[in-house]
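Hi,

Here is the structure I promised to pass on to you. Have a look at it first, and then read on for what turned up in it.

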Amino acid sequence: MISPRIAIVDYGAGNIKSVLNALKRIDLHNSILTKNASEIEAADALILPGVGAFGHCMKNLMKSGLIPSLENAILKKKKPLLGICVGMQLLAESSDEDGFHSGLGWIPGHVKQIQPNSKFRIPHVGWNQVRLVPGDALFSKVQNDAFFYFDHSYSYSGCNSYVTSTASHGTEITASIKLGNIHGVQFHPEKSDRNGLRVFRAFGNIVLTC
Amino acid sequence: MLSKRIIGAVLMNNDQVIQSRVFGNYLPVGKPEITVDYFNRWGADEILLIDVSRTKKGLDPNYQLIENCSVFSGVPLAYGGAVSSLDIARRVFLAGADKIVINAAASASLIRSISKSFGNQSVILSIDILKIGDSYMLYNYLTRECSAQSLEEYIGLLNSWGIGEILLQLVNRDGMKNGFDIDLINRISAHSDVPVIVMGGAGKANHFSELFENTAAEAGAAANYLHFTEHSIAVLKSLLTSEQSIRNDTSMKYSNHDFDDFDRLKKLDQEDLDSLYYQKIVVEKI
């Protein structure tokens, strides 16, 4: 079985090594970290990580000069993409974290602050149950209401047709979104123990069936 | 629903895991990498790696050690100990930590600069409290002195700095196994905008049940209590009687087992032991 070439985009936004470690743990050994436009265009699939403030990450992504290659690979060639945490949020049109910032706009919708609540404190941090909307192959190996690790204060809000799973934290939190070949997860699969590995395995399978 | 977290704390002195009592009386436990490995396998929701000696010695963090430990953790790993600048924080994240814990070096400018680059959620602010008589005082572990500043005022300040979580430790109960200080926790929790992790005093599973029933703390952490029993975290989670949501994802299920008054596993009946012969357990390969 050929191991797909999965490229994790390194644009200076967080702990990408643990994403690589997770992929290697399930024998997706052909995975790489990359800052290189041609490696991005040559990859079978891409992962866009992201940790920190939306504006800061977006600025770094723009500075990296990699957006044109990403657009080519993902929007034109329809290679599978998995956005993680802020990497998922960047897929949206905008975020109001620390002022208004535009995102990539590849999935309609906006990122907004999770409403503060004395009983449900922000950041939304810890293990929460993810309720699945049936039909997303990314969760083919995961039970409904399985626990995943979240750590964020802002959340995607948009048309429900793009939302493939949710979590509850005083209010409904979007846990994952999808539009065609583009997937995004708000939780950290690389930090969600075995359930996280199941998501990466399912992503690997999606790539193989492309 | 968001689960209450059980966090395994790995306290280190001279790159060795130690047990401590009242922030002193350090005795060796073993190697950090092995402890992190076992905590991870036994179902820790997060792991705290805290070096209690480096700031005192004027040393930077041991980045290689952090990296060695991070390889064993499939759950978030927080590192604390001598994180005193943005540059050090950056190197700690690069070594594989997901969050940093800041204690002695806490200041508005440091926290804000780290939050700006890595996000609020990346910073856990560690607060040590010493109880003297009936009063709770902010405690500085380096100088061993208390501050006159009011707790409420300090928490208010932290709320404005952009931290992710608070790690609250009551010095008096460290290693004493006499339970968490519910009054103190409620007092701090009432003023904190961010989630609160509590450490200091764990001695029985019941202490965690009480913590989650009687306070709003989002997580309970322990070091000593988790170091000396096989499957300690899995056993603890099985024994929690609280109605709160607890994540229990390992194959180590103890809900059908009996425990004595010291939370120690009782031997199974001979009949049950006999039925375990030739039982094939199929392990899922992801």
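The largest cavity is lined by 14 residues, and those nearest its centre are B:Asp174, B:Gly175, B:Gly201, B:Ala223 and B:Asn224. This is a predicted model, in which local features need pLDDT of at least 70 and side-chain atom pairs count only at pLDDT 80 or more, while totals for chains, interfaces and linings use all residues. Residues are numbered from 1 along each chain as its sequence is written, chains are lettered from A and ligands numbered from 1 in the order in which they are written, and side-chain values use heavy atoms, with hydrogens and water left out.

Back to the cavity: about 100 Å³ of space lies in it. A cavity here is a set of points on a 1 Å grid over the protein atoms alone where a 1.4 Å probe fits but cannot get out; a pocket is an open set with protein on both sides within 12 Å along at least five of seven lines, and lining residues have an atom within 4 Å of a point. Grid points are joined across faces, edges and corners, and a volume is the space filled by probe spheres set on the points. In chain B, β12 (219–222) and α9 (224–227) each supply at least two residues of the lining of the largest cavity. Helices (H or I, at least four residues) and strands (E, at least two) are DSSP runs, numbered from the N terminus. The lining of the largest cavity divides into 8 nonpolar, 4 polar and 2 charged residues, where Ala, Val, Leu, Ile, Met, Phe, Trp, Tyr, Cys and Pro count as nonpolar, Asp, Glu, Lys and Arg as charged, and the others, Gly among them, as polar.

The second largest pocket has a volume of about 650 Å³. Its lining holds 22 residues, with A:Asp193, A:Arg194, B:Arg41, B:Thr250 and B:Ser251 nearest the centre. α6(A) gives the most to this lining, with 5 residues.

Now for the interface. The contact (heavy atoms within 4.5 Å) takes 41 residues from chain B and 33 residues from chain A. Together the two chains bury about 3000 Å², 46% of it on carbon and sulfur atoms; buried area is the accessible area (1.4 Å probe) that two parts lose on being put together, summed over both.

Across the interface there are 7 salt bridges, each a side-chain nitrogen of Lys or Arg within 4 Å of a carboxyl oxygen of Asp or Glu. In one salt bridge, A:Arg121 meets B:Glu218 (2.8 Å, N to O). A:Arg121 and B:Glu218 are both buried, with buried meaning under 20% relative accessible area, exposed over 50% and partly exposed in between (1.4 Å probe, protein chains only). In another, A:Asp151 meets B:Lys99 (3.8 Å, N to O).

B:Lys99 also meets B:Glu165 (2.7 Å, N to O). B:Lys99 lies in strand β6 (residues 99–102) and B:Glu165 in strand β10 (residues 165–170) of chain B, so the pair ties together parts that are 66 residues apart in sequence. Both B:Lys99 and B:Glu165 are buried.

Two backbone details to finish. The peptide bond from A:Ile122 to A:Pro123 is cis, with omega near 5°. A:Cys85 has a positive phi of about 55° although it is not a glycine, and at 3% relative accessibility A:Cys85 counts as buried.

Best wishes
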